[in-house]
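User: Please take a close look at one part of this model: the pocket and its lining. Walk me through it in short steps.

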Amino acid sequence: MQEVWNAEFNKEDFLYGTEPNAFIKENASLLPKRSRVICLGEGEGRNALYLAKLGLKVEALDASDVGLQKLQKKALEQELAITIRHTLIENWKPHGTYDAILSSYMHLPKNEQREMFLKSFLALNEGGYFIAEFFSEHQLRQKSFGPKEIDLLYNICDIYSILKNLPCDIIKLSQEIIELAEGIGHRGKASVIRIIFQKLS
Ligand SMILES: C[S@@+](CC[C@H](N)C(=O)[O-])C[C@H]1O[C@@H](n2cnc3c(N)ncnc32)[C@H](O)[C@@H]1O
């Protein structure tokens, strides 16, 4: 998996562009300046760079060292401090707790998705937010970009069955068809699941 993503990112251009994911950008206003946040499966770092520019204390986790090196280079050019966590999410040992955990398109096998949600929940401060956009299983029908195996896609009912047992407010959990224009990697119609939950105080 690391080799696959390293090969995807081993190019001059940024596969998903340098602008943040629109859903993450839209909801960044929930996070006050200096909030401590981590972006999971952050790849080449477009969300992390955007959030750092807003004045947040940002960490970026990913399995791909090539993606993270591109992020680090851009951060240095823009004089932004972003802490890199080069690890598989399944081996992630959070360094303390966070005011927000964000992710766009980190696609894990179904048997690891539940653990990712639970680990993220535990790593949030009380009142902290989880904000993410993932492709739904219906993305297979688009026959375009995104994972080609159903095992790597998300199912809104499965997510609800995990979140409903946690002490959190589910602020948003929706499945939507949207138009993506993110670099050359995500271009066209997509079926996504958008999630915002807040850990209760
Ligand atoms: C489709 S890319 C999205 C990158 C970035 N979030 C974005 O939207 O530009 C998926 C990313 O998830 C990372 N990833 C996939 N499985 C992972 C895992 N088990 N642990 C850590 N990172 C993972 C890949 O290395 C890759 O950078």
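Analyst: **The largest pocket**

The largest pocket is lined by 37 residues. M1, W5, Y105, M106 and H107 lie nearest its centre. The elements giving two or more residues to this lining are α1 (2–9), α3 (46–53) and β2 (57–62). Helices are DSSP runs (H or I) of at least four residues, and strands (E) of at least two, numbered from the N terminus. With four residues, α1 gives the most to the lining.

This is a predicted model: local features need pLDDT of at least 70, side-chain atom pairs need 80 or more, and totals for chains, interfaces and linings use all residues. Numbering runs from 1 along each chain as its sequence is written, and side-chain values use heavy atoms, without hydrogens or water.

The largest pocket holds about 880 Å³ of space, the volume filled by probe spheres set on joined grid points. A pocket is an open set of points on a 1 Å grid over the protein atoms alone, with protein on both sides within 12 Å along at least five of seven lines; a lining residue has an atom within 4 Å of a point. By class, the lining has 18 nonpolar, 10 polar and nine charged residues. Asp, Glu, Lys and Arg count as charged; Gly counts as polar.

What takes up this space? The ligand does. A molecule sits in a pocket if more than half of its atoms lie within 2 Å of the grid points.

Now look at the shell around the ligand. It has 18 residues, and the closest are G41, R46, D62, I89 and S104. Near means a heavy atom within 4 Å. Nine of the shell residues are nonpolar, five are polar and four are charged.

Next come the polar contacts (N or O pairs within 3.5 Å). A polar backbone atom of G41 is 2.7 Å from a ligand nitrogen. A backbone N or O atom of I89 is 2.8 Å from a ligand nitrogen. At S104, a polar side-chain atom lies 2.6 Å from a ligand oxygen. The protein covers 96% of the 590 Å² of accessible area that the ligand has on its own, by the Shrake-Rupley method with a 1.4 Å probe.

Methods. Polar contact = N/O pair within 3.5 Å; in protein donor to acceptor, adjacent residues only side chain to side chain. 1 Å grid on protein atoms, 1.4 Å probe; cavity = no way out; pocket = protein on both sides within 12 Å on 5 of 7 lines; lining within 4 Å.
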